[in-house]
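Please examine the chain shown here, and consider on what grounds each term is applied to it.

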Amino acid sequence: MTKEFRPAVYFVANRKLGAISCGVTSNLAQRAWQHKEGTIEGFSKRYNCKLLVWFEFHATMEAAIEREKQLKAGSRNKKVALIVETNPDWFDLYPQLNQ
């Protein structure tokens with residue numbers, strides 16, 4: 001599997017404990033850049049969600065899509081808990097993707 005095709009589910013946010021948007025992609029670095037540049041229409045653009053605050057990779061797009069549906073159906077508190085578990089300060093994780 002190439003670095004470009006790596007199914008992932010992610011959260012972008014506008015600030016710590018702020019608005020959170022959940023998405024799925026096969027190229028996380030590219031998608032995170034698109035959020036930063038404001039080229040993704042919808043909730044994330046409307047609420048200025050540009051910080052990649054959480055993500056997880058999956059073996060297949062089907063698995064990633066299923067996980068995204070599960071996360072979107074969950075409560076905001078569950079989303080916040082997932083972020084805080086691995087990124088308590090809500091740092092932007094985008095720079096880590098290019099290492």
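The questions and answers below set computed values against definitions.

The model is predicted, with local features requiring pLDDT of at least 70 and side-chain atom pairs pLDDT 80 or more, while totals for chains, interfaces and linings use all residues. Residues are numbered from 1 along each chain as its sequence is written, and side-chain values use heavy atoms, without hydrogens and water.

Q: What makes up the secondary structure of the protein chain, and in which order do the elements run?
A: The protein chain has five helices and three strands, in the order β-β-α-α-β-α-α-α from the N terminus. Helices are DSSP runs of H or I with at least four residues, and strands are runs of E with at least two.

Q: Why is strand β1 called mostly covered?
A: Buried means under 20% relative accessible area (1.4 Å probe, protein chains only). Six of the six residues of β1 (residues 8–13) are buried, so the strand is mostly covered. Ala8, Tyr10 and Val12 lie on one side, with Val9, Phe11 and Ala13 on the other.

Q: What makes β1 and β2 paired strands?
A: Pairing requires at least two bridges found by DSSP. Six bridges join β1 to β2 (residues 20–25), therefore the two antiparallel strands pair. Alanine 8 stands opposite threonine 25 in β2.

Definitions and conventions. Buried means under 20% relative accessible area, exposed over 50%, partly exposed in between (1.4 Å probe, protein chains only).
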